[in-house]
Amino acid sequence: MLLFASSLVAQQNIHGFIRENDTGEPLPYANIIFPDLNRGGTSNIEGYFVISNLPVGTHTLIVSIIGYEKQIQTVQLTLDTNLRMDIRLNQENIEGQTIEVSAEREKFKELVSTSTVTLDRRAIEVAPSFVEADVFRALQLLPGVQSLNDFSSALYVRGSTPDQNLIMLDGITVYNPMHLGGIFSTFNTDAIKEAEFSAGGFEARYGGRLGSILNIINREGNTEEISGNANISLISSKLLVEGPLPTGKSDLLKGSWMIAGRRTYFDVIANSAWKYLLKPRLNERDRADASDSIIPYYFYDFQGKVNVDIGSDHRLTWSSFYGDDVLCWNYKGSSSSNDWYDEGYSDPDNYYYESSESSLFDWRWGNFTNSLNWRWIISPRLIAKSSIANSRFRFGVDFNYADEGFSQSDYDSSSWQSSFGFDLFDRINDHSIETDLTWLMNDEHTINGGFQWKQVDFNLGMIIGSEYSADTSREVYLDTLMWMESKPVETAFYLQDKWSVSPLLSLQTGLRLAHYSPHNKIYFEPRLGLKRFLNENLSLKASVGRYHQFLTVANPPDENLRFLDIWFGIPGDRKAPRSDHYILGLEYMTDSDYLFRAETYYKSFDNLLTLKPTELIAIDEDGSVHIDPFNEFWDTDAYAQGFELLLKKLSGNVRGWVGYTFAETKRKYEEQDWYFPKYDRTHTLNAVADWALTEKLHFSTALTYSSGNPYTAVIGRSENWQEEQYGVSDYWYNQQSYLYGERNAERYPDYFRLDVSLKKRSTWRYGTKEWYFQVLNVTNHLNVFTYIHQTREEYDRQAREYINKGVQRAGIPMFPFFPTFGVKYEF
C-alpha cells in the first residue's frame with residue numbers, strides 16, 4: 001500500500017466506464033479525447049478509462065468509437081477534482097464490422113504482448129463449422145494453432161499439447177472443455193462476449209501452463225431490458241435470456257444477469273419414436289425385453305452470470321457453469337422354461353425355471369464451476385480485483401449387473417442371486433483465491449501485481465465388487481483395484497510494469513514467483529516484452545519468458561482421439577516441466593484497414609513426462625490384483641520452432657483472414673531419439689472469408705490445406721510358429737504380428753477441406769431471425785484419419801492351402817461431405 005500511496009494524492013482526474021446504451025455492455029478501446037489539451041486515453045477491456053493530471057478549467061470532451069455516435073460534452077474541472085463519468089453511446093446504423101476496425105487499431109497501438117488475438121462473437125460465428133459455431137474450431141483456423149484431426153476440437157498450439165493450455169471461463173480454470181468426445185467445445189457461443197487468446201509470451205499474471213492462454217469472457221447481461229435468443233441446430237437447441245436486476249429505482253444498487261442453456265435433442269426424438277411408435281409393434285415377448293431407449297447419449301450445459309454494482313466503486317460478479325455428457329444404457333430381461341415349451345420342447349422330469357437379469361452402464365463426465373469476483377475502484381488510478389473460485393471436473397463409470405432365478409423339478413429345487421459391479425472415477429476439485437492490483441501510475445507506467453493461491457484435489461480410483469448366493473450359501477467380494485489421491489498447492493506472486501519509454505518504444509517487464517508444495521521450492525519466471533514503432537503503421541515486437549507447469553495428464557503419446565484427460569499433480573520426485581519462449585514479430589496496419597502480422601518463435605521444453613506402455617492390470621506376489629495405468633514415465637525433452645503469417649481484412653463487403661504456418665516440433669526421451677509427435681504439421685494454410693451479398697444475406701467460407709501428420713508405418717509381417725501338446729497329440733499354431741518402421745517417420749497424405757455457409761436474416765414478430773445452411777467438405781476430399789491393416793491371403797486350389805499375399809492397408813476417412821442447417825431467433 002505504501003507503493004500505491006501516491007495514487008491517492010489529490011489532483012484533477014476524470015475516470016469512468018464507456019458502455020453501449022442499448023444493452024449496458026462495456027465498450028473496450030473507445031477513444032476519450034480533450035482536443036483543446038491534446039490529451040486523451042483509451043478504455044480497457046472492461047470499458048474503464050482514466051485520464052490524469054488535467055488542468056483546472058472548462059474543457060471539451062469527445063468520446064468516440066467507430067460504429068457508435070460520437071458524444072461531445074463540456075467538462076468543468078476544479079482544483080483536486082476526481083470526476084466520475086459513466087458514458088453511454090448509441091449504436092449507429094452501420095455495419096458492425098467497423099467496430100472491429102476501431103478495436104484492432106487501438107490494440108495495434110496499445111498492446112505490447114506478442115501472439116495475442118481477441119475474437120468476439122461475430123468473428124467466431126463467421127467461419128463455417130461442424131453443426132454449430134464453436135470457439136475452438138474458430139481458433140484452429142488461426143496461425144500456430146493445429147488440430148489432431150476432424151474429430152477433435154483440442155488445441156495444439158506451437159508444439160504444445162492440449163493439457164499445456166490454460167483454458168478459463170470468466171477467469172476460472174476449466175479442465176476438460178469438450179463435449180461429444182472432443183468434437184465440440186464446452187462453451188456456448190451465444191453466451192460469449194469475446195475470447196482472449198495468447199499463443200505464447202504471455203504476461204506475468206498467467207502461469208501454471210507451458211503452451212497458451214485462452215480466457216472465455218461471457219456476456220454481462222442486458223442492463224436495460226429483458227432480451228434473448230434461441231438457436232436450433234441439427235443436433236442441439238440453445239436458449240439465452242438476459243436482463244436487468246429488479247433493484248427498483250435505487251441508485252446505490254444496480255446490475256444485470258444472463259443465463260444460457262444448451263442440450264442435444266436427437267436422443268429425445270429417436271427414443272420417443274422408438275418407445276411410442278416402433279416398440280409397441282413388437283411381439284409381447286420381445287417387447288418385454290426391449291429397452292425404452294435406443295440412443296443412450298446426450299450432453300447439456302448451463303451457464304449464468306450476475307453483476308451487481310454497489311455504488312460507483314464496487315462491483316460483485318457471480319459466474320457459474322454446469323455441464324455433463326451422459327452415456328447411460330439400462331437393460332432388463334427375463335426368461336423361463338415356458339419359452340422352451342412354446343417352441344415345442346418337452347421335459348419328462350417336469351423341470352421348470354424362471355430367471356431375470358438387469359444391467360446398468362452409466363458413464364458421465366463434466367464440469368461445474370463457480371466464482372465470486374469483487375472489483376474495487378480504490379481511486380481513479382488504483383483498481384483491485386479479488387476472486388474466490390471453485391472448478392470441479394468429474395469422470396465416472398458406474399456398471400452394475402444382477403440376475404436372480406429359481407428352478408424346480410420332480411427331484412429338487414434351488415434358487416440363486418448374483419450381482420457384479422465396478423465404479424471407475426477421476427475427480428478434480430480446484431479451489432483458488434486471487435487478488436490483483438492495477439496501478440495506473442502515470443501516462444508512462446502501468447503497474448500490475450497480485451497474489452494467487454490454488455489447491456487442486458486429485459482422486460483417481462476403481463472399486464469392484466460381486467455377490468453370489470445360492471440356497472444357504474453366500475459369497476461376497478469387494479476390492480479397491482486402484483486408488484490415487486493428492487492435494488498439491490500452488491502459490492504465486494507476480495509484478496509487472498508496462499513502461500512507455502517514448503512515443504515509439506514500450507517495455508513490459510515482469511516477474512512471477514511460483515511455489516509448488518510437493519517440491520517445497522520457489523520457481524523464478526522472468527518475462528520481458530518490447531514494442532518499437534518503426535513508423536506510424538509498422539511496429540516490431542519481441543518477448544521472452546520462462547514458464548513452469550505443475551500438473552500433467554496420463555494420456556498415451558500416440559493417441560489418435562483425445563477423448564478425455566486424466567490429470568494428476570507432478571510428483572515430488574519429478575522435476576516441474578519447464579518451457580522458455582522466444583518470439584519476434586512485425587505488425588503492420590494499413591490505412592485501408594488491413595492488418596498484417598509476421599512472427600517467428602522458438603520454444604524449448606524440459607522435464608516433460610511421457611507415459612510408458614505398461615500392463616494395465618497387474619497381479620502382486622500375494623495374488624492380489626491392482627490397476628496402475630501410469631506408474632512409469634520417461635523424462636522427455638522437446639522443442640518447437642516456426643514461422644507464421646497473418647493477413648486480416650477488417651472492413652468492406654468482404655472481410656476475413658488468411659494465415660500460414662511453418663512449424664516443426666520434436667521430442668525425445670531415454671529410449672527414443674528425436675522424433676515428430678503425431679500432432680506435428682509442417683505447413684498449414686487457412687483462409688476464412690465472409691461476403692456481405694446484401695445487408696441481410698451473407699456467404700462465408702473456410703479453406704484449410706496442410707501437410708499430413710506423422711505416423712509409424714507397417715513395413716512387414718512376422719510369423720512365429722509355436723507348438724503346444726494336447727494329450728498325446730502336438731498342435732502347431734501361427735502367431736502373426738506386424739513389423740513397424742521408424743517411429744512417426746511417415747506422413748499421412750496432405751489434408752484439404754473447404755466449408756461453405758449461407759446465412760439469411762429477416763424479421764419476425766418479436767425481433768429478428770437468421771436461417772443458416774452449411775456444408776462441410778464440399779469437395780468430399782478423402783482426409784485420412786488413420787490406417788488399418790490386414791494380412792491378405794488367397795486360396796491355392798492346387799496346393800490346397802492359403803498363400804500369403806502380404807499386408808493390405810486401408811484408410812479410415814475423417815468428415816465427408818456433410819450438410820447442416822439451423823435457425824436462430826432473437827427477441
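The model is predicted, with local features needing pLDDT of at least 70 and side-chain atom pairs counting only at pLDDT 80 or more, while totals for chains, interfaces and linings use all residues. Residues are numbered from 1 along each chain as its sequence is written, and side-chain values use heavy atoms, leaving out hydrogens and water.

Five strands form an open sheet in the order 9-16-17-12-13, with mixed pairing. Strands are DSSP runs of E of at least two residues, helices are runs of H or I of at least four, and both are numbered from the N terminus; two strands pair if DSSP finds at least two bridges between them. At the edges are strand 9 (116–120) and strand 13 (172–173), each pairing on one side only. Strand 9 runs antiparallel to strand 16 (residues 192–198), joined by five bridges.

I turn now to helix 4. Which of its residues are buried? In helix 4 (residues 266–278) they are Asp267, Ala270, Asn271 and Trp274, where buried means under 20% relative accessible area, exposed over 50%, and partly exposed in between, with a 1.4 Å probe and protein chains only. These buried residues line one face of the helix, because they fall within an arc of 95° seen down its axis; the arc is that of the directions from the helix axis to the C-beta atoms. The face turned away from the buried side carries the exposed Ile269, Tyr276 and Leu277.

Finally, Leu252 lies in the loop between strand 19 (236–244) and strand 20. Leu252 counts as exposed because its relative accessibility is 56%.
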